[in-house]
Amino acid sequence: MTGNALIHALIVGVFVGLLGRFVLPGRDAAPVWLAVAVGLGAALLGTITARVAGVDVAAPSGLRLAVQAGFAGAAVTLAVVTARRTPGPTRRSIHRWRTAADPSAPTDREGNQP
């Protein structure tokens, strides 16, 4: 891979990572650094794939740019959509699944647990 293709892949990866992170709707589960890192890796993979497919990656090419942006866009979308924080127990689930042996479980006036 030439230096020109590497620099273009880095620029495309960062741009698509930032754009994808802030444009995709939903929770802010994926940090910005994750989206940028995935975009960089996918843009580099797109460059390698374009080169293997026979595209001249040394010269500026719309096809190379399309492959890089396509790979990066798909990867960033997948990363941002599937990134979730570790789900913690909610107040309702803790209340519902307490055992009878748990001394902190709520009781009624007669000492029975609901």
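1. Helices α1 and α2 pack at an angle of about 140°, with their axes 7 Å apart, where axes are lines fitted to C-alpha atoms, for helices over the stretch in contact, and angles run from 0 to 180 degrees between N-to-C directions. The two helices α1 and α2 are therefore oblique to each other, given that angles under 35 degrees count as roughly parallel, over 145 as roughly antiparallel, 65 to 115 as roughly perpendicular and the rest as oblique. The crossing of α1 past α2 is right-handed, a term used when the near helix is turned clockwise from the far one by less than a right angle, anticlockwise being left-handed.

2. This is a predicted model, in which local features need pLDDT of at least 70 and side-chain atom pairs count only at pLDDT 80 or more, while totals for chains, interfaces and linings use all residues. Residues are numbered from 1 along each chain as its sequence is written, and side-chain values use heavy atoms, with hydrogens and water left out.

3. On the α1 side, the residues that meet α2 include Ala5, Leu6, Ala9, Gly13, Gly17 and Phe22, and their partners in α2 include Val32, Ala35, Gly39, Ala43 and Thr47, contact meaning heavy atoms within 4.5 Å.

4. Helix α2 (residues 32-52) has 21 residues and reaches 30 Å from its first C-alpha to its last, close to the 30 Å expected at 1.5 Å a residue; the expected span is 1.5 Å times one less than the number of residues. Helices are DSSP runs (H or I, at least four residues), as strands are (E, at least two), numbered from the N terminus.

5. Which residues of α2 are buried? They are Ala35, Val36, Gly39, Ala42, Ala43, Gly46, Thr47 and Ala50, where buried means under 20% relative accessible area, exposed over 50% and partly exposed in between (1.4 Å probe, protein chains only). These residues cover an arc of only 150° around the axis, which puts them on the same side of α2, the arc being that of the directions from the helix axis to the C-beta atoms. They pack against α1 (3-23) and α3 (62-82), whereas Trp33 and Val52 are exposed on the other side of α2. Just after α2, Gly54 takes a positive phi of about 105°.

6. The pairing of α2 with α3 has an angle of about 145° and axes 7 Å apart, and its crossing is right-handed. The contact is made by residues including Ala35, Val38, Gly39, Leu45 and Thr49 of α2 and, among others, Val67, Gln68, Phe71, Ala75 and Val80 of α3.

7. The buried residues of α3 are Arg64, Gln68, Ala72, Val76, Ala79 and Val80. Seen down the axis of α3, its buried residues fall within an arc of 100°, so they line one face of the helix, and what covers them includes α1 and α2. The face of α3 turned away from the buried side carries the exposed residues Gly62, Leu78, Val81 and Thr82.

8. Gln68 of α3 deserves a separate remark. Gln68 is buried, with a relative accessible area of 0%, and, not counting residues up to four places away in sequence, Gln68 touches Ala5, His8, Ala9, Val12, Ala43, Gly46 and Thr47.

9. For the protein overall, the secondary structure comes to four helices and zero strands. Of its 114 residues, 25% count as buried, and residues 24 or more positions apart account for 62% of the contacts with a separation of 6 or more.
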